[in-house]
Amino acid sequence: MSESMLCTVEDIRGFLRRTLSERRFFHCEGVASSMRALFEQFGYPETSLLSYHGMDVSDVVGLMHDAAREYSDSELLRFASAHSLALAPEMVAVPVLSHGVVAHGLALELIGSDIPLPWLDAMDWHTTGNVKMGYIGMALFIADFIEPGRTFLDDAKRREYLGHDDMNQTASAILDDMIAHWKSKGIVPSESSSVLQKFFHDGGRIIL
Ligand SMILES: [Fe+2]
Ligand SMILES: [Fe+2]
């Protein structure tokens, strides 16, 4: 890895412009702006988690979450092994699910080794969702699904998802629709997604 440290949000954007397709880069921009809007609507994380060396949580987490989404399965597994990143069994079985953990590894290497842990947890679990993803992770999970570039959603559906008082209800509605969609395609949901769905249905809440 020969990239120099990414010390500003513009550095992160420059890195992603060089390493991702244009389509993916704009998706990451959309996720960052959607996370910001979710925090404005539902409430911000605690002050200590809002920024890192002057960089905003929505920018760093939103932009970086798919930094490794265009890696091949073997590149993901090699990076995780080389950087001693622990992968859940479901990620080893389906390596594309590990791209959030590898993005976390890239963030540690390129941005800083003391990035707030909840930011890393958020990146780890953004694809499947997980009861351990935390409040920032819940915002990332939602933003990844509803950002403006997601053309499978129309504005009415976005408003429906966002028309709740609690961000947990939005995440639960999205997860229900994701799981129903996967099942209609014959795809078995990951364990993390299934456990999270049951957690929400049983009244569980991920809090600030
Ligand atoms: Fe992703
Ligand atoms: Fe994404």
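D124 is in contact with G100, V101 and H104, leaving aside its neighbours within four places in sequence; two residues are in contact if their C-beta atoms, placed from the backbone, lie within 7 Å. This is a predicted model, in which local features need pLDDT of at least 70, side-chain atom pairs count only at pLDDT 80 or more, and totals for chains, interfaces and linings use all residues. Residues are numbered from 1 along each chain as its sequence is written, while chains are lettered from A and ligands numbered from 1 in the order in which they are written.

**Residue D124**

- D124 is placed in helix α7 (residues 117-124); helices (H or I, at least four residues) and strands (E, at least two) are DSSP runs, numbered from the N terminus.
- With 28 other C-beta atoms within 10 Å, D124 is buried.
- The cut-offs for this term are as follows: a residue is buried if 20 or more other C-beta atoms lie within 10 Å of its own, exposed if 12 or fewer, and partly exposed in between.
- L6 is 118 residues from D124 along the chain, and the C-alpha atoms of the two are separated by 20 Å.

**The chain as a whole**

- The secondary structure comes to eleven helices and two strands.
- From the N terminus on, the order of the elements is α-α-β-β-α-α-α-α-α-α-α-α-α.
- Along the principal axes, the C-alpha atoms fill a box of roughly 45 × 35 × 30 Å.
- Buried residues make up 38% of the 208 residues.
- Of the contacts between residues at least 6 apart in sequence, 63% join residues at least 24 apart.

**Helix α8 with helix α3**

- Helix α3 (residues 57-64) and helix α8 (residues 134-146) pack at an angle of about 55°, with their axes 11 Å apart. Axes are lines fitted to C-alpha atoms, for helices over the stretch in contact, and angles run from 0 to 180 degrees between N-to-C directions.
- α3 and α8 are therefore oblique to each other; angles under 35 degrees count as roughly parallel, over 145 as roughly antiparallel, 65 to 115 as roughly perpendicular and the rest as oblique.
- On the α3 side the contact has V57, V61 and G62, which meet I136, L140 and A143 in α8.
- These residues divide into five nonpolar, one polar and no charged. Ala, Val, Leu, Ile, Met, Phe, Trp, Tyr, Cys and Pro count as nonpolar, Asp, Glu, Lys and Arg as charged, and the others, Gly among them, as polar.

**Helix α8 with helix α10**

- The axes of α8 and helix α10 (residues 167-184) come within 10 Å and cross at roughly 50°, and the two helices are therefore oblique to each other.
- M138, A139, F141, I142 and F145 in α8 meet M167, T170, A171 and I174 in α10.
- Here the division is eight nonpolar, one polar and no charged.

**Positive phi in loops**

- H53 is not a glycine, although its phi is positive, at about 45°.
- H53 lies in the loop between β1 (51-52) and β2 (55-56) and is exposed, with 11 other C-beta atoms within 10 Å.
- S84 is not a glycine either, and its phi is positive at about 55°.
- The loop between α4 (73-82) and α5 (89-93) holds S84, which counts as exposed with 7 C-beta neighbours inside 10 Å.
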